[in-house]
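Reader: I have a model to go through with you. Can we start from the charged side chains and work inward?

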Amino acid sequence: MLDYSKYQIAAADPEPSSMIETFRAIGYSLQTAVADIIDNSISANAKNIWIDFEWKGAATWLSIKDDGIGMSSDQIIQAMRPGSKNPNEERSVKDLGRFGLGLKTASFSQCRKLSVVSKRTDTTPSFWTWDLDFVKDSHAWNLIQYLPDQFNNSLKDMPSGTVIIWNDLDRLVKNLNENDKNALDKFMKEMDDVKKHLAMVFHRFIESKRVKLIFQNREIEPWDPFLIDHSATQKFPEDPLLNNKIRVRGFVLPHKSKLTEQVFEVAKGTKGWNAQQGFYIYRNERLLVAGDWLGMFRKEEHYKLARIQIDLPNNMDAEWQIDIKKSIARPPFSLTDQLKAYAVSVRNQAVEVYRHKGKILQRKFANVQFQPVWLEKIRHGKRFFEVNREHPVIQSLINSSDINQLLRLIEETVPVPLITIRESEQPELQGQPFEESDQEPVKKLMKEMYHQLITNGRSDEQAKSIILNIEPFNLYPHFAEYLN
Ligand SMILES: Nc1ncnc2c1ncn2[C@@H]1O[C@H](COP(=O)(O)OP(=O)(O)OP(=O)(O)O)[C@@H](O)[C@H]1O
Ligand SMILES: [Mg+2]
């Protein structure tokens, strides 16, 4: 440790106006910003949270009110300080916070005026406002004791609670005219997205009736990514990892044919069926990541019914690289193999369900022997696709020896989807031509070809090098010794 008394020092405080711009650039959307404010309400034990707004063009405001434990004047000031808590501090097990930043960063990402009015039981409300223009002009981090008029009585009938108010929403409504119909439509669409986002992020709190979210006087219905109550949803056994600190549970959602049009539409979520597949990571039951294979697999159509829940506690944030916005989580390296293995089994089942429609049809005509062009075969543990010699068309073509038509049929029916699925499921199972089978036919073909080349005047060496450049003979260079 240095002996600090020996050195000259110089103040180098962050410059407020540039620091503000940094805070504003963390990358929140309106949806993630509102969710971050609601995290605080839930951590403060709120049972009811009201999200309200009023369209007034550039003067539009938005507020989030809760009936949680509230804050005293000093507590508000502390809460409004950027970095009000140390991220390394241990938190109560239900706390949704981590960085001591969310209230400020989420708010500043959307507005230039953040007001907080709050009261604890048996006290009168206190309020403080961050006005970014004032900070910028005065070059100092000073709050002002200001509250927009219409919020004077907002906590009147409540024993305790807090209201967060956003004014001067420059990222959303800057310079917009109240009578601009187009702008209003766009704004309402944004707000509808906020509602959907909250229904998803907090669905477990809403489902278990711990919290009510009231959006412009209407309760938000939860959006359950797993359709848990649907009888056709397949639920995998829970896998506890790290001594039960983390819990993983897979779901395969029902095939489209088992869902009503409406349920199918709702379950596709905000991003659509394909995009919504993957892991759903929850921290203290609050959703951080909604549908992401975390770099383990690509999102593909035939896996779209697979959704896997991961539950984390709030004391593994560093290992899982949780970010300020609570929208990123990455598993530690030591867990990826286990998570991947679990996901593979859920994904395999999801493919089965995805193909269900075809299977039903097959079952309907079960007494008629189905004759595919391609057969999937396993030889000595390796997978091969064989042309079905009993297929009526193939049989008759073999007999009539119209080889061109036969080749055409084969080309047209290569089972690409099946091969793709198998290849991405278990690439190590994919066999090479003639692998693990009787290789005499290859040898025989190679010999015939060799003799033909020699008869046509090629040297031994030329003939061999031509043969070893032909598929699949190239895979059997060791047979060259049998060629002369
Ligand atoms: N609605 C609220 N009711 C009561 N206290 C609140 C409320 N909102 C914020 N606070 C207090 O203000 C503090 C700072 O909130 P802020 O969101 O900035 O950080 P955090 O929640 O601690 O961590 P994170 O940056 O991860 O969100 C909280 O820890 C809490 O003590
Ligand atoms: Mg917070």
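Author: Glu285 is partly exposed, because its relative accessible area is 26%. Here buried means under 20% relative accessible area, exposed over 50%, and partly exposed in between, with a 1.4 Å probe and protein chains only. This is a predicted model, where local features need pLDDT of at least 70, side-chain atom pairs count only at pLDDT 80 or more, and totals for chains, interfaces and linings use all residues. Residues are numbered from 1 along each chain as its sequence is written, chains are lettered from A and ligands numbered from 1 in the order in which they are written, and side-chain values use heavy atoms, with hydrogens and water left out.

Reader: Which side chain does Glu285 meet in a salt bridge?

Author: Arg204, at 3.5 Å from N to O. A salt bridge is a side-chain nitrogen of Lys or Arg within 4 Å of a carboxyl oxygen of Asp or Glu.

Reader: What parts does that pair tie together?

Author: Glu285 lies in the loop between strand E11 (278-283) and strand E12 (286-292), and Arg204 in helix H8 (residues 203-207), so the pair links parts that are 81 residues apart in sequence. Helices (H or I, at least four residues) and strands (E, at least two) are DSSP runs, numbered from the N terminus.

Reader: Arg204, buried or exposed?

Author: Arg204 has a relative accessible area of 13%, so Arg204 counts as buried. Elsewhere, Arg24, Arg112, Asp133 and Asp170 are joined into one network by salt bridges that share partners.

Reader: How many salt bridges by this rule?

Author: The count comes to 21.

Reader: What about Lys181, which partner?

Author: Lys181 forms a salt bridge with Asp185, with the closest N and O atoms 3.1 Å apart. Both lie in helix H7, four residues apart, about one turn of the helix. Lys181 is exposed, at 55% relative accessible area, while Asp185 is partly exposed, at 38%.

Reader: And Asp193, which partner?

Author: Lys189, with the closest N and O atoms 3.0 Å apart. Asp193 and Lys189 also sit four residues apart in helix H7, about one turn of the helix. Asp193 is partly exposed, with a relative accessible area of 23%.

Reader: What is Leu198 in contact with?

Author: Leaving aside neighbours within four places in sequence, Leu198 is in contact with Val34, Ala35, Ile38, Ile51, His203, Ile206, Leu213 and Ile220. Contact means heavy atoms within 4.5 Å.

Reader: Last topic. Where does Met1 lie?

Author: In the segment before helix H1 (16-24). Met1 counts as exposed, because its relative accessibility is 95%.
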